[in-house]
Amino acid sequence: AQKTRGKAPTWLQEGLAQWMEGRRSAGYAASLVQIYDKSAAPSFATMEGSWMSLSGDSVTYAYAWALAAVEEIINAGGMGDIERLLDRIATEPSTETALRESTRMDYADLAQETANYLRHEYTR
């Protein structure tokens with residue numbers, strides 16, 4: 001939050017927190033891919049704000065999907081991409097613009113690449 005001047009989206013804050021704690025997506029990978037493939041996944045744009053009003057299942061999904069997205073960003077470009085993303089969030093008009101500028105992905109690309117990463121890394 002400090003690096004982004006308080007503009008970090010919830011999905012990124014929670015995903016990074018879990019990743020830094022050592023959590024990984026292995027236990028949720030198959031379910032996340034299945035939800036993504038059914039086009040039932042909420043977008044990252046809807047996961048930017050507070051999660052306080054989400055139901056139990058939706059909160060579980062949001063945390064798992066946030067972690068998976070952070071894993072994908074780190075897998076694809078290393079912590080440098082995370083650093084660039086955080087820096088850009090502070091200056092760009094939207095998180096998606098910051099994502100595009102730092103990783104060359106928009107939210108749809110991030111969702112697709114996250115699902116691809118989960119398939120490759122955790123499911124067979």
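Please keep in mind that this is a predicted model.

**Helix 4**
- The buried residues of helix 4 are Thr95, Thr97, Ala98, Leu99, Ser102 and Thr103.

**The nonpolar core**
- The largest nonpolar core has 32 residues, and those touching the most other members are Trp11, Leu12, Phe44, Met47, Trp65, Leu110 and Leu118.
- Two or more residues each come from helix 1 (10-20), helix 2 (29-37), helix 3 (56-91), helix 4 (95-103) and helix 5 (107-122).
- Helix 3 contributes the most to this core, with 14 residues.
- Leaving aside residues up to four places away in sequence, Leu118 touches Ser25, Ala29, Leu32, Val33, Trp65, Ala68 and Thr123.

**Aromatic rings**
- The model holds eight aromatic pairs.
- Trp11 and Tyr107 make an edge-to-face pair, because their ring centres are 6.1 Å apart and their planes stand at 75 degrees.
- This pair joins distant parts of the chain, with Trp11 in helix 1 and Tyr107 in helix 5, 96 residues apart.
- Phe44 and Tyr107 have ring centres 5.6 Å apart and planes at 35 degrees, so this pair is tilted.
- Here the link runs from Phe44, in the loop between helix 2 and helix 3, to Tyr107 in helix 5, 63 residues apart.
- Trp11 and Tyr107 are both buried, and Phe44 is buried as well.
- One aromatic cluster is formed by Trp11, Tyr36, Phe44, Tyr61, Trp65 and Tyr107.

Definitions and conventions
Residues are numbered from 1 along each chain as its sequence is written. This is a predicted model: local features need pLDDT of at least 70, side-chain atom pairs count only at pLDDT 80 or more; totals for chains, interfaces and linings use all residues. Side-chain values use heavy atoms; hydrogens and water are left out. A nonpolar core is a set of buried Ala, Val, Leu, Ile, Met, Phe, Trp, Tyr and Cys residues joined through side-chain atoms within 4.5 Å. Buried means under 20% relative accessible area, exposed over 50%, partly exposed in between (1.4 Å probe, protein chains only). Helices (H or I, at least four residues) and strands (E, at least two) are DSSP runs, numbered from the N terminus. Contact means heavy atoms within 4.5 Å. Rings of Phe, Tyr and Trp (its six-membered ring) pair if their centres lie within 6.5 Å; planes under 30 degrees apart count as stacked, over 60 as edge-to-face and the rest as tilted.
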